[in-house]
Amino acid sequence: MDLFLDILRGLAAVILAYSFVFISALVNIVFERRTLAFMQDRLGPNRTGPQGILQSVADSFKMLGKEDFAPAAVDKRLFTLAPIMVMIGAVAVQLVIPYTKGWTSQDLNVGIIYIVAVTSFTVLAILIGGWASHNKYSLVGALRSAAQMVSYEVPMILALLVVAMAAGSLSLNDVVSFQSGYQWFVFYMPLTFFIFWIASIAELNRGPFDLPESESELVAGYGTEYSGMRFGMFFLNEYAGLTIMSMVTVTLFFGGWEGPGQDLLVVYGVSVIPFVWFMLKTYALVFALVWVRLSVPRLQVDQLMAFAWKFLIPLALVNILASAAIILWAPQWKWVMAGFSWVLFLAVVVLFDPLQRRMLRRRRAKSPMLTRG
Amino acid sequence: MDELFAPTVPDEAMALALDRVRRGAETGDVSELDGLALDQVILNMGPQHPATHGVLRLVVTLDGEVVRDVIPVVGYLHRCKEKLAEKRTYYQYIPIVDRTEYMAGMNCEWTYVLAVEELAGIEVPRRAEFIRVIMAELNRIASHHVAVGTFTADLSPLGTAMAFYTFRDREKILDLLEEAAGARMMFNYFRFGGVRFDLPPGWEQRCRELMAEVPKWTDEYRALVEDNAVFLSRTIDKGVISQQDVVDYAITGPNARASGVPHDLRRTRPYSVYPELDFELCLADHGDVFDRYKVRVDEMLQSARIVQQCLDMMPRGPVQEGSLRAPYVITPPPGSAYIAQENPRGEYGIYIVSDGSRYPYRLKYRDPCFINLQLLPKLMRGNKIADAVAIGGSIDLVLGGIDR
């Protein structure tokens, strides 16, 4: 009987996790389209339902109604496997996320490592899908994706290690409780947050790191041969990834569900208000992701790699070494850490763009000027 | 060559690309392909591809991310424009000229009308000359809007935003053109010996107000992309056209001026009232992708200046020579004429031969895009595929003109 209950509970959790992925994807698609439209001085989808909020529901019905089509040349088994696999990361990450006070599905003591492990499934699915499609655009897109993920997972993990060192635990619940009292990590290690956030944008394959599917070069990258709901799975995963990755970021750096009025409304031992705070913070970050996508042009492959290996990883290494030393030796280490991190963070943010532009201007001044004919 | 990536249905261009790869592999002669490796993938870009701005097809040989060879295939938009001329009266052909380089209909029409006027010896009233210049320059701004917008859209979603801003401003110009000509893109506005309608009441004032806005537009575009380090690093020193290339390949228009070649038919072989107008040639020094973008934005400002001057200098009077309003048939004496004008994309020429009948005996286009296209393989070779897309966008091709 107990086993039966366990299976039932597990099934319910899986269904919940999947519905969360689907719903957040549907919400994010409309959210992004409307936000982009607002920033691009146009209307965006505003016909289906009030303010167009049902647009992506209609779109998903359209995709469900399409023929389940696979081109003749594809490797059928892998071609089918990839869209199924692609969701694993987004669903499995939810296992360890503390949604609210008293609600974590499973408080793993290796939560942070678990997150890194399961999110890597996405790139595997993309690689399989791109290879199985038997299409050159797909293959180039998939290989780009693999190269990008491998490069950006390094700074991401280096940033996560700083969090783990500071909290003294790999469990996400411990990380959240360590930040209680509004001592959020983002306040005294902004540099770590910055590195993690950039790497997470690259993990999400979003602009400016959307090379795997850069539509002006590779049409749709790894998804070129996919149509109907198979394409829909890739698409939903990409947009659900916005929420999932933002939830991870909030948990690690923004104090998780922490906010005023924690115990006002408690249902069956689960506080509701912190969940609202959690989602609010998450969507603030989702908005930031949309904003970034619109504001920065797509990088080129070599520039992308150079940014990861020549800039982000050295910065992350300096960060982790200094942070480790500070945590180990400094008394009142939070203040020292805040000083170190803010100084370096501001230096990077303020100086990076002007320096880059100055370098480019110099290169331009040096590059041979064409003589007037 | 991996069998998996051999083209399944080799057509002529694919076969040519494959042949070049094989030849390079066998003979070791890689001069044609700029250092050929064995693991090459032949990628077919287009005719349906988001980065080709129409139905241009590029058969690209890739070595990893690097473009080794490009074979452009044209003709997917071929509509027999030149042959059609032989079965249309001179009047009937005017709307068809609009559809060659459809982004700059006014400029195309003007070239055709001017060629026929030269053949038949028709005089144009002074007011009509000014209206023609105004229309052509307005259309030049609108055309550069599309060029800059789609080029930046090739780079990123940021560019997509830029494209929306440029298209928003282009709409305002198209509204003006619609008011005057009755259509937004396919104008059918020019007539032999003048233009079809006089300007509607209040139009000049609205045009003046709009032209005063142009500096604001260009400032906005510049603020959006030119301060952006990523945009700069994607465009600077990419796809450089040397001045020798400009001469060898007969490149004209903003692409030539971006390389510092001061070739602008409005200045070097002036026609209409351009000698009376004060405007600068927009030149740049490096001839790279960034310069081609910059020259186009600069030219919008100069065009706005020209329009403002024309509005000031325009006299009152008829807009078409009265005797030409009817009948709608003209029969130029036997002979031929070649007229070239500064189109937004370069030297747009029409060669026309008359045998004295109601129809042209022969009509031939010299389209700037078709000529500029020939440099594309040379520019793209050795660049990353993302750069190749940016270079293609910066050359600004209009397939209606290329395929005719």
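Which residues have the most contacts inside the largest nonpolar core?

**View 1. The largest nonpolar core of the predicted model, with residues from chains A and B.** This core has 201 residues, and those with the most contacts inside it are A:A159, A:F185, A:I195 and A:A199 of chain A, together with B:M135 and B:L138 of chain B. Helix α5 of chain B, residues 126–155, gives the core its largest share, which amounts to 15 residues. At least three residues of the core come from each of domain 1 (3–73) and domain 2 (81–366) of chain B.

**View 2. The surroundings of B:M135.** When its neighbours within four places in sequence are left aside, B:M135 is in contact with B:M106, B:L177, B:A180 and B:Y189. B:M135 is also among the residues with the most contacts inside the largest nonpolar core.

**View 3. The crossing of helices α12 and α13 of chain A.** Two packed helices are described by the angle between their axes and the distance between the axes. For helix α12 (residues 228–253) and helix α13 (residues 273–295) of chain A, the axes come within 8 Å and cross at roughly 120 degrees, which makes α12(A) oblique to α13(A). The contact is made by A:L242, A:T243, A:S246, A:M247, A:T249 and A:V250 on the side of α12(A), and by A:F278, A:K281, A:T282, A:L285, A:V286 and A:L289 on the side of α13(A). The crossing of these two helices, α12(A) and α13(A), is right-handed.

**View 4. The crossing of helices α2 and α12 of chain A.** The axes of α2(A) and α12(A) come within 7 Å and cross at roughly 140 degrees, and the two helices are therefore oblique to each other. Here α2(A) makes the contact through A:S60, A:M63 and A:L64, whereas α12(A) makes it through A:G228, A:M229 and A:G232.

View 5. A:Q51 counts as partly exposed because it has 13 C-beta neighbours inside 10 Å. B:D396 is buried, with 27 other C-beta atoms within 10 Å.

Technical notes. Residues are numbered from 1 along each chain as its sequence is written. Chains are lettered from A and ligands numbered from 1 in the order in which they are written. This is a predicted model: local features need pLDDT of at least 70, side-chain atom pairs count only at pLDDT 80 or more; totals for chains, interfaces and linings use all residues. A nonpolar core is a set of buried Ala, Val, Leu, Ile, Met, Phe, Trp, Tyr and Cys residues joined through C-beta atoms within 7 Å. A residue is buried if 20 or more other C-beta atoms lie within 10 Å of its own, exposed if 12 or fewer, and partly exposed in between; C-beta atoms are placed from the backbone. Helices (H or I, at least four residues) and strands (E, at least two) are DSSP runs, numbered from the N terminus. Domain bounds come from an automatic or database domain assignment. Two residues are in contact if their C-beta atoms, placed from the backbone, lie within 7 Å. Axes are lines fitted to C-alpha atoms, for helices over the stretch in contact, and angles run from 0 to 180 degrees between N-to-C directions. Angles under 35 degrees count as roughly parallel, over 145 as roughly antiparallel, 65 to 115 as roughly perpendicular and the rest as oblique. A crossing is left-handed if the near helix is turned anticlockwise from the far one by less than a right angle, and right-handed if clockwise.
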